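Thanks, everyone, for making time for this.

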Amino acid sequence: MTATADFVIAGAGHNSLITAAYLAAAGYSCAIVDARAIPGGGATTEELFPGYHVDTCSTGHTLIQVNPLIRNDELGLVSKYGLSYIDPEPVEVVAFPDGETLTMSLDLDATCAEIARFSERDAEAYRRVISEYEEIKRILGATRFRPVGHGPTAAQLLADHPRAGTWTRRSMMSARDLILHEFESPHARAFMAWMASQTAVPIDGAGTGLLAYQIVSGRQARSWSIPAGGSGRLIDALVGYLSALGATIECDVVVDELLLEDGRCIGVRAEDGREWRARLGVISTIHVKHLVDMAPAEAWGADFTYGVETYHPGVPFFGGYFATSAPVEFATHAGPRSAVSSGCAGWLEDQALHLRAVSNGEFVESDTWVLVATPTLADPGRAPDGHHTVKMVTFNAYDPGGGPDKWEAMKDAHLDRQLEHLRRFAPGFTDDVILDRVVKSPVDVEAQNRHMFHGAPHGGDRSIAFTEAQRPVPGWAQHRMPIDGLYQTGGTTHPGGSITGAPGRNAAMVVLEDLGRDPSEVMEVT
Ligand SMILES: Cc1cc2nc3c(=O)[nH]c(=O)nc-3n(C[C@H](O)[C@H](O)[C@H](O)COP(=O)(O)OP(=O)(O)OC[C@H]3O[C@@H](n4cnc5c(N)ncnc54)[C@H](O)[C@@H]3O)c2cc1C
């Protein structure tokens, strides 16, 4: 079987669907294929247990809120296709090794009052971090939502800032060092490190400094926004939009070869031999570590293949998923508290060491960074009355020692250890309230979505060596791949993984320009 369209889209994660949606808006036909049985990649909500609709990967969609796709509702996903967001309150409840907790609220004064329990000075430092970030928020936002090369880099913009010296230094430091500099109490430091670690970038690395500002500021401004009904509602809206414009989406299609003709990519071939041919171009969200095996080495060139060989896959995730009859309630100084986003934070140095060790491929037995997502607290319709979906996420190595296959025999015991740890702070989360559970090691995360290479969900490490013009490979950071007609989007491209929609929208901009079209016909261009 052979199908033909203007564009073939290999992979139906939220980014590639966004690229397709803008191309469809510009009048091009799109044929989309995905290896999984459902579209959406890391933005899916699945009935893991009967009656319980679980976000199998992402839950929080904070970062995409500032994408003009959502902010300006450019394609009508909100006004016409049923997408809506909830901003949960409280924002976070985080427990520390000594049993203390910190509750973050949308009310800045309330958050500061919580921090002041540990240090008045740190409460002021927190207020300063939030207000100072306002100075550069738009600069960083602008660089995220335009393709590399379409304007000055973040470093160039910071260099033009009235406080260039301060911000350039901060952007080059590590988040760990900045937190140590700004905060004095172990609790505030641990909280800031827990927030900075959310994108799974080792926070002791040079160039991670702004993570200490970015994530906490976004949360303080608008919480951990979740789509009403589940992460997959973003995909439903995109699929609705694309279907209305005649795009096709076929699942259970594992692409394993790029079709080349006269050095140009003219389509894809699936494992089962089916082909999809493109008149104008192929958009890929296949991980670059796999993509290079889908065409002869000479088609890529030595520079590109070297860049992919040396590309760091990033920090893998380990997940526990539960159907429960009660939420996770932390014992706090103000009584039991729960939040859609909560967790357990080790002390700052332990968190930094943990992330670094996992990034280096080492198995870590005890967790210093645990995220607990309970979206049903704010969106009860996802589970039967009074019941909840709970997801625990931690970082760990793809190979726990002795080979990745070893995970299968040890993953349940590993989750039990995490539960034991969580129960120190949330004693009511007993086996009696857990009705069912599924555990996913990094190997399972990869098996579920091959774009999550080695179980790392962000399309590759986002340390300084692999950001902006370096992502995925220096020279090929503008979505155009070395093979003519082939474009890359998704987490392996600027600005990386998470639910931002930025790589998807940026890729559409580049493709439209290559077609001689003005992207501002379908999107805001700044
Ligand atoms: C447990 C967990 C929790 C997370 N929580 C959050 C969160 O709360 N907030 C957040 O912002 N991010 C979160 N993430 C990360 C987020 O899910 C990803 O970074 C994001 O989904 C990346 O989007 P993408 O569009 O780049 O690619 P993906 O969502 O990975 O989609 C890529 C698609 O390409 C398909 N594909 C790949 N190779 C092929 C092939 N050869 N043939 C056909 N199809 C192919 C895949 O099947 C997949 O559907 C989480 C991830 C995990 C695992």
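Let me start with a term: I call a residue buried if its relative accessible area is under 20%, exposed if that area is over 50%, and partly exposed in between, using a 1.4 Å probe and the protein chains only. Please keep in mind that this is a predicted model, in which local features need a pLDDT of at least 70 and side-chain atom pairs count only at pLDDT 80 or more, while totals for chains, interfaces and linings use all residues. Residues are numbered from 1 along each chain as its sequence is written, and side-chain values use heavy atoms, with hydrogens and water left out.

With that in place, consider H479, which counts as buried because its relative accessibility is 1%. H479 is not a glycine, and yet its phi is positive, at about 75 degrees. As for its position, H479 lies in the loop between α16 (442–448) and β20, where helices are DSSP runs of H or I with at least four residues and strands are runs of E with at least two, numbered from the N terminus.

S498 is another residue other than glycine with a positive phi, here near 80 degrees. S498 belongs to the loop between β20 and α17, and it counts as buried because its relative accessibility is 18%. The loop between β20 (486–488) and α17 (502–514) also holds P495, and the peptide bond that joins H494 and P495 is cis, with omega about 0 degrees. A cis bond is also found from E89 to P90, with omega near 0 degrees, and P90 sits in the loop between β5 (85–86) and β6 (92–95).

Let me turn to H161, in the loop between α5 (154–159) and α6 (164–172). Is H161 buried or exposed? H161 is buried, because its relative accessible area is 12%. If contact means heavy atoms within 4.5 Å, then H161 touches E135, I136, I139 and W167, leaving aside residues up to four places away in sequence. A polar atom of the H161 side chain also lies 2.9 Å from the backbone nitrogen of R163; a polar contact here is a pair of N or O atoms within 3.5 Å, and within protein one atom must be able to donate a hydrogen and the other to accept it, with residues adjacent in sequence counting only if both atoms are side-chain atoms.

W167, one of the residues that H161 touches, has R170 over its face, at 4.6 Å from the ring centre. The rule is that NZ of Lys or CZ of Arg is within 6 Å of the ring centre and within 35 degrees of the ring normal. The charged end of K440 likewise sits over the ring of Y321, 5.4 Å from its centre.

Now the ring pairs. Rings of Phe, Tyr and Trp (its six-membered ring) pair if their centres lie within 6.5 Å, and planes under 30 degrees apart count as stacked, over 60 as edge-to-face and the rest as tilted. The count by this rule is 15 aromatic pairs. Among them, F49 and Y52 are edge-to-face, with 6.4 Å between the centres and 85 degrees between the planes, whereas W300 and F304 are stacked, at 5.3 Å and 15 degrees. W300 and F304 are both buried. Ring pairs also link W194, F317, W369 and F395 into a cluster.

Finally, the ligand, which is surrounded by 35 residues, the closest being D34, G42, H451, S498 and I499; a residue is near a molecule or strand if one of its heavy atoms lies within 4 Å of it. An oxygen atom of the ligand lies 3.2 Å from a polar side-chain atom of H14, and an oxygen atom of the ligand is 3.1 Å from a polar backbone atom of N15. A nitrogen atom of the ligand lies 3.0 Å from a backbone N or O atom of V255. On its own the ligand has 1000 Å² of accessible area, of which the protein covers 97%, with areas taken from the Shrake-Rupley method with a 1.4 Å probe and, for residues, only the protein chains shown counted as cover.

G42 lies in the loop between β2 (30–33) and β3 (45–49), and it counts as buried because its relative accessibility is 15%.
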